[in-house]
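Subject: Structure handover

Hi,

Here is the structure I promised to pass on to you. Could you have it open while you read my notes below?

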Amino acid sequence: MTRSTALLTDHYELTMVQAARGSGTADRRSVFELFPRRLPEGRRYGVVAGVGRALDAIEAFRFDDAALGVLEDVVDAGTLEWLASYRFSGDVWGYPEGEAYFPYSPLLVVEGTFAEAVVLETVLLSIYNHDSAIASAASRMTLAAGDRPCIEMGSRRTHEEAAVAAARAAYVAGFTRTSNLAAQLRYGVPTTGTAAHSFTLLHDSEADAFRAQVESLGVGTTLLVDTYDVAEAVRLGIEVAGPSLGAVRLDSGDLGVVAEEVRAQLDALGATGTRILVTSDLDEHSIAALAVAPVDGYGVGTQLVTGSGHPTCGFVYKLVAREGDDGTMVSVAKKSQDKISIGGRKYALRRRSTSGVAEAEVVGIGAPPADDGDGDRPLLVPLVSRGEVVGREPLDTARERHALSRAELPRTIQMMSHGEPVIPTEHV
């Protein structure tokens, strides 16, 4: 049975529903939008992730007996009865998973009654803010890595459930595998792993440890060679496995320098096909710095699952239009200083040059922006229609979309230094 997501929300969402029911406004048609006012400081683009998880959360947003029991002291009896029969019956449009985003991109447009749409605020923000932060960091890492694969291995550095979501988001943004087995079970993310330093320390000698690993996993395995002396471990590894050893892993020291030394040693031993994998608190900057080193792949943990310095995207969920007394829709917006929202239902397209390079994020207010005929493409797709999920898709589709979306951005995204968004956002 799917676990209910109804209590993954804030207390005030439900007290607003109670008060709106009392004032007769709970059933007013409303439009909420989830969007960023800005990119995290210094970032040039962001990546949308968590869409599939959000759709699962909407489907599972049901107040069962256990949830209703918790809420008996939160809302009145009439609101409890309303919550007991809650089913989102509206429409949701959004940027598909893996798409790039920019300031004020309308990542989600939620249309329904006020009451049924407002209660989704917290869970949607929780999923989108976390998963998009991870995917945005992962995209910069895979961009810096080029053709060299990146492996997600940060489970032990974050909450156990966040670790599963992080592995999924990283895969969307180009990581090839994860160490997290739950991510494989739930989402089909490929997994990998061999041995830690404890395995070497368990044995009476490094050679015994290597021999046990090779006998169990085959000569194509990856040996961790920096428990003691790297050069001696490399020699022992080739002695045990032969020149067909799959790879060696370096987890400490000046990785660029050590990789050069290990590559020379492997080649001299005839192990020219043995790959070198590196780990040890890597981020997009250290990956970029290793571009000229003889490294064949990267394992990334802490910096990935914490968003490489930006663990949240700062997304907000705001009411932008609601039904007026005469039945027509009225634009509304928050005008607080430094937290300005723009009223009206939004539409969006990516304006591209004739050669297919993105030039602007064009956001239409109240109506879709005009396509100039030079390859512009709409960004919003239907995700939920009349309460039914219609936008679910395979994770590999999101992964492929990300590669295409990133490829159309200006080449300045390759710069790892702080900068402004690579394309402007235009409201029309």
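Across the interface of domain 1 and domain 2, four residue pairs are in polar contact, both partners being at pLDDT 80 or more. A polar contact here is a pair of N or O atoms within 3.5 Å; within protein, one must be able to donate a hydrogen and the other to accept it, and residues adjacent in sequence count only if both atoms are side-chain atoms. Helix 2 (51-59), helix 6 (121-145) and helix 15 (395-407) each supply at least two residues of the side of domain 1 that touches domain 2. Helix 15 gives the largest share of that side, six residues. Helices (H or I, at least four residues) and strands (E, at least two) are DSSP runs, numbered from the N terminus.

A word on the basis: this is a predicted model, in which local features need pLDDT of at least 70 and side-chain atom pairs count only at pLDDT 80 or more, while totals for chains, interfaces and linings use all residues. Residues are numbered from 1 along each chain as its sequence is written, and side-chain values use heavy atoms, with hydrogens and water left out.

The two domains

Domain 1 covers 11-134 + 310-427 and domain 2 covers 145-305, with bounds that come from an automatic or database domain assignment. Their C-alpha centres lie 38 Å apart. In contact (heavy atoms within 4.5 Å) are 17 residues of domain 1 and 19 residues of domain 2. The area buried between the domains is about 1500 Å², and carbon and sulfur atoms give 62% of that. In domain 1, I134, L395 and R399 lose the most area to domain 2, together 45% of what that side buries. Buried area is the accessible area (1.4 Å probe) that two parts lose on being put together, summed over both.

Salt bridges

How many salt bridges does a search of the whole structure find? The total is 23, counting a side-chain nitrogen of Lys or Arg within 4 Å of a carboxyl oxygen of Asp or Glu. One salt bridge is counted between domain 1 and domain 2. R168 and E97 also form a salt bridge, with their closest N and O atoms 2.6 Å apart.

D325 and R28 pair at 3.0 Å, N to O. D325 is in the loop between strand 12 (315-323) and strand 13, and R28 in the loop between helix 1 (11-23) and strand 1 (29-36), so the pair ties together parts 297 residues apart in sequence. D325 is exposed at 76% relative accessibility, whereas R28 is partly exposed at 24%. The cut-offs are under 20% relative accessible area for buried, over 50% for exposed, and partly exposed in between (1.4 Å probe, protein chains only).

R350 and E361 are each buried, R350 at 0% and E361 at 0%.

A buried serine

S341 is in the loop between strand 13 (329-331) and strand 14 (346-352) and is buried at 2%. Its side chain makes a polar contact with that of R37 (3.3 Å).

Best wishes
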